[in-house]
Amino acid sequence: MGRRFSGIIPRPAHPRTMATAVPTTPALDDLRADFPALDQEVRPGVRLTYLDNAATTLKPWPVIRAVQAFDAEYPANVHRGIHTLSERATEAYESAREKVARFIGAAEVEEVVWTRGTTEAINLIAQSWGRTFLKEGDEIVLSDLEHHANLIPWQMLAKERGVVLRFAEISDDGRLEPEAVERVLSDRTRVVAVTAMSNVLGTVVPLEPIVAMAHDRGAIVVVDGAQGVPHRAIDVGRLPVDFLAFSGHKMCGPTGIGVLYGRRELLEAMPPAWGGGSMVLRVSREGAEWNELPYKFEPGTPPIAQAIGLGAAVDYLSRLDSEAVASHERSLMEYAHRRLAEVGGVRILGPEPEYKGGILGMDVEGVHPHDLAQLLDRHGVAVRAGQHCAMPLHHRLGLPATARASAYLYNTTDDFDRLAEAIADARRLLHDRRPRRPA
Amino acid sequence: MDDAFYREELLDHFDSSPHRGRLEAADLGADLDNPLCGDQIHFEVALDAEDPGRIAAARFDGHGCVISQAAASILAEQVEGRPIAEARALTADHMIQWLGIPLTPARRKCGLLALRTLHRAIDQGTPGAPAGSGSPA
Ligand SMILES: Cc1ncc(COP(=O)(O)O)c(C=O)c1O
């Protein structure tokens, strides 16, 4: 029913089959040269070891070039001009949307709404769908694993509308069992909003049974895909989630662009969250008629270069064999778990490698995470320390803060060797020194 | 070691400070934390019996990174014997100078937590949480 993109972009007849018709599969060890940022010394003589991918990933040349080409060659606004550059920009911009739709297995390209990132996407759901369809006493089920991006928007809604938040508890090793979700479901559950992968522990959440049990209760399922989508964990063609939010910058794309995927019926029923140009069809002094999907949710000039960059990122990732990538990351984690056990004093948080993606949460005895991150940086090893925007999870873990090393396509076992050596060095300095400090 | 960040002196303050602990009887005290990094500081002072406008002794307690804990130790050392008004007038610049290392914006909060806690103790004018009342929050 929706208007196709000014007829410029032909929609693929079978988006899902196209996703599998991958031409070539480059070997993973050849990838490093694609990422210029990898090849640097953070200071003289100290090579970069980048293990902060859960915060943001590095960008490969095709993405950098795509963004640059927009700025250098056709930096025009989209959906407005009739001139050549604007048409070229519109075409590139909308074809990026097509690529993203295919990448996640969306049935229709209109179900892909651009946002600034995961955070904005979830806020959009809460502000538009939530404020329209939820009422006092309705319940939203979240989990202990959630990033603040999938918590605060719901808290704001709960406060405003008298909606009740319920939390599925994790096991001691940081897994979210479907039964834990089942326990907090009720006849009043309207939304189940969970992450696909914990950004602190790496836990992969078993979405399939969770989606089934939520739908049984008539609740919709919102998936925070910020960590899951970059690892191709979700195909909405196979797993019928209702909304999926993710960020371009965690999957080789630029910052400032992200996606809200929503099932058409849901998006159609939702009012716009923001008003402005482009999101309207007809406007009078008194009112306006909303534009079609997805434009209804996209007022103003969008991040055009960034969307095009994300399209290039998706092309890049789609060329890789996702099985190979997944097994690469799993074997890296198995290696890291083994290697760090040799260091001593390192407690790896979260589940065993088989239950998680490429994220390694750590607690190093006698070394505060901030000190650890700073000491690792002296070895050029980039990790993140703190609470990673997941305070309730840290309360659950009983830790004030944690350190996190996170891997992506281009990491190697060497990276984890350097991590292990740097941690051992930090331990020597801060822990093995003199245990003189009074308990 | 290639930089001053974890120099011996700071590490001594961090793990062997003579000012870590509690006073018999504190006159002013407060607790603060950096929720994002989990640093926690309790800071307390006893006033001079002869000259109640002056700090006789200072102690701190808590946990966190080297910078936050070393800063608390240095601050305790620095304020003993000072008039309260002077302690209240201490600024971030004083604290950073005493630490003797450049603080990146991310570490500034750690380095200044103790000073903020001391200021709060003075402003509140109460002894704060008594010793043994659990970990400072
Ligand atoms: C699980 C998870 N959800 C949400 C976010 C927020 O993403 P963004 O900051 O790109 O909006 C992140 C990343 O920081 C994340 O890891």
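In the predicted model, A:His388 is situated in the loop that connects strand E16 (384-386) with helix H12 (391-397) of chain A. The phi angle of A:His388 is near 50 degrees, a positive value in a residue other than glycine. The peptide bond leading from A:Leu293 to A:Pro294 is cis, and its omega is near -5 degrees. In general, most residues other than glycine have a negative phi, and most peptide bonds are trans.

The surroundings of the ligand were examined next. Around the ligand there are 13 residues, of which A:Thr119, A:Asp224, A:Gln227, A:Ser247 and A:Lys250 come nearest. By class, this shell is made up of two nonpolar, nine polar and two charged residues. Of the 390 Å² of accessible area that the ligand has on its own, the protein covers 85%.

In chain B, the packing of two helices was considered. Two packed helices are described by the angle between their axes and the distance between the axes. Helix H4 (residues 92-99) and helix H5 (residues 105-124) of chain B pack at an angle of about 110 degrees, and their axes are 10 Å apart. H4(B) and H5(B) are therefore roughly perpendicular to each other, and their crossing is right-handed.

Conventions:
Residues are numbered from 1 along each chain as its sequence is written. Chains are lettered from A and ligands numbered from 1 in the order in which they are written. This is a predicted model: local features need pLDDT of at least 70, side-chain atom pairs count only at pLDDT 80 or more; totals for chains, interfaces and linings use all residues. Side-chain values use heavy atoms; hydrogens and water are left out. A residue is near a molecule or strand if one of its heavy atoms lies within 4 Å of it. Accessible areas come from the Shrake-Rupley method with a 1.4 Å probe; for residues, only the protein chains shown count as cover. Ala, Val, Leu, Ile, Met, Phe, Trp, Tyr, Cys and Pro count as nonpolar, Asp, Glu, Lys and Arg as charged, and the others, Gly among them, as polar. Axes are lines fitted to C-alpha atoms, for helices over the stretch in contact, and angles run from 0 to 180 degrees between N-to-C directions. Helices (H or I, at least four residues) and strands (E, at least two) are DSSP runs, numbered from the N terminus. Angles under 35 degrees count as roughly parallel, over 145 as roughly antiparallel, 65 to 115 as roughly perpendicular and the rest as oblique. A crossing is left-handed if the near helix is turned anticlockwise from the far one by less than a right angle, and right-handed if clockwise.
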